[in-house]
Amino acid sequence: MTIEKPVGRQTEKLTTGTQAVAQAVKLADVDVTAAYPIRPYDGVMQAVAKLIADGELDCEFIVAEGEHSQFEICKHASAVGSRVFVGSSGVGWMYAMESLCVTPSLRLPVVAMIGNRALDDPGAFGVEHNDAMAVRDLGWLLFWVEDAQECFDATLMAYRVGEDPRVSLPVGLGVDGAFITHSQTLIKIPDQETVNEFLPPYDLGDRLLHPDNPISIAPQANEDWVMEIRKQTDAAARRVKDVIREAHQDFRRLFGRGGDNPFFEEYMTEDAEYVLFGMGSLGLPAKVMVRRLRERGEKVGFVRLKWFRPFPAEELAESLGRFRAVGVIDRDYSYGSPQQGGVLFTDLRAALYDAERRPKIVNFIGGLGGRELTPEMMDEMADLTKRAGRGEEIPAVSWIGVRE
């Protein structure tokens, strides 16, 4: 079912997260997509196919025999000047790893949706973040969305940022399986003219692979040039935050949303003494928890990270330094890490290491395998964070909702 009504220069539609991504793919005028089914990503594959079948999108749709081929197809299509879209989930994303690890080094701005799903075994189709996080150190830019509206918005942002000639890196959209991929909500979709103003045509310039432009893609460099290539990719990754700021400013001007901060969202933090910190679909139950505890007089807030790569270390250090304690909620795990905690927790601790004002930081691992983070769990995490801010001794890492 689709509900539409004009909203200024925008239209409202009732869609799932995957359908919202497909609508953005349509307005971005993607040239090539390759697909291989794995849930919960496959919803976007089906939605894009329907847009093509209905004549709403002129795009080459290639059905691959597996995820590795799927990502190779789009990587090479990007090299010859096609705007591409691709995606997968969980172990399917891992099957494409050979292609995933070389795409950033080739400086090809492939856009992919990762329908976040647990990595088997044991068999689990529910959300975890370790699948997308597997590429966090390879040059992929990573954005975690909160809802279907952000699925749409972040897809357009991914093309704008990744294709910028100062960047030219692939972008992955972390979309929590089931909670966002398959849940319906009303979203606002702008018209084609406004999207065209925000998103310029894809242009590789003199890096376009073409018979009239004899260049080498993926040369055998070995020790002669690999260090230089790695350093160039690092320089591009360091430029990304400035490009994000510019794109975010244009997005707010044209579409009227996106918040004040391009890297993270703060919710009821103005006078907060302690906050919970996380990303993805965690946003909804966390905000409900904050409102409920605020009614009881608790000075609690919530900070939701949007861009996981590039990690906004300086910006977070400045913001979080004003709180007594921060409770980091990880929907992932990092076995054997320094604090035996999650990936997000480890990155945030590193970001705050040199900060003049460092809040007490505690870690919660929960919601793995798609388990729901209930209001009771959220209350427990908020209480432990508050106690840590008061100087009480609590575990540095707590697994929430685990049966003994």
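**Close-up views of a predicted model**

**View 1. Charges and overall build of the protein.** The protein carries 45 positive and 62 negative side chains, and the centres of the two sets are 6 Å apart. Here Lys and Arg count as positive and Asp and Glu as negative, with His and the chain ends not counted; each charge is placed at NZ of Lys, CZ of Arg, CG of Asp or CD of Glu. This is a predicted model, in which local features need pLDDT of at least 70 and side-chain atom pairs count only at pLDDT 80 or more, while totals for chains, interfaces and linings use all residues. Residues are numbered from 1 along each chain as its sequence is written, and side-chain values use heavy atoms, leaving out hydrogens and water. Buried residues (under 20% relative accessible area, 1.4 Å probe, protein chains only) make up 56% of the 404 residues.

View 2. Helix α2 covers residues 42-53; helices are DSSP runs of H or I, at least four residues, and strands are runs of E, at least two, numbered from the N terminus. Its buried residues include Val44, Met45, Val48 and Leu51. The buried residues of α2 pack against helix α1 (17-27) and strands β3 (32-35), β4 (60-63), β5 (84-88) and β6 (111-116). Just after the helix, Gly55 takes a positive phi of about 80 degrees.

**View 3. Leu282 in its loop.** You will find Leu282 in the loop between β11 (274-278) and α10 (283-295). Leu282 counts as buried because its relative accessibility is 3%. Leaving aside residues up to four places away in sequence, Leu282 touches Asp176, Phe302, Ile329, Arg331, Leu373 and Met378, where contact means heavy atoms within 4.5 Å.

Technical notes:
Buried means under 20% relative accessible area, exposed over 50%, partly exposed in between (1.4 Å probe, protein chains only). The expected span of a helix is 1.5 Å times one less than its number of residues.
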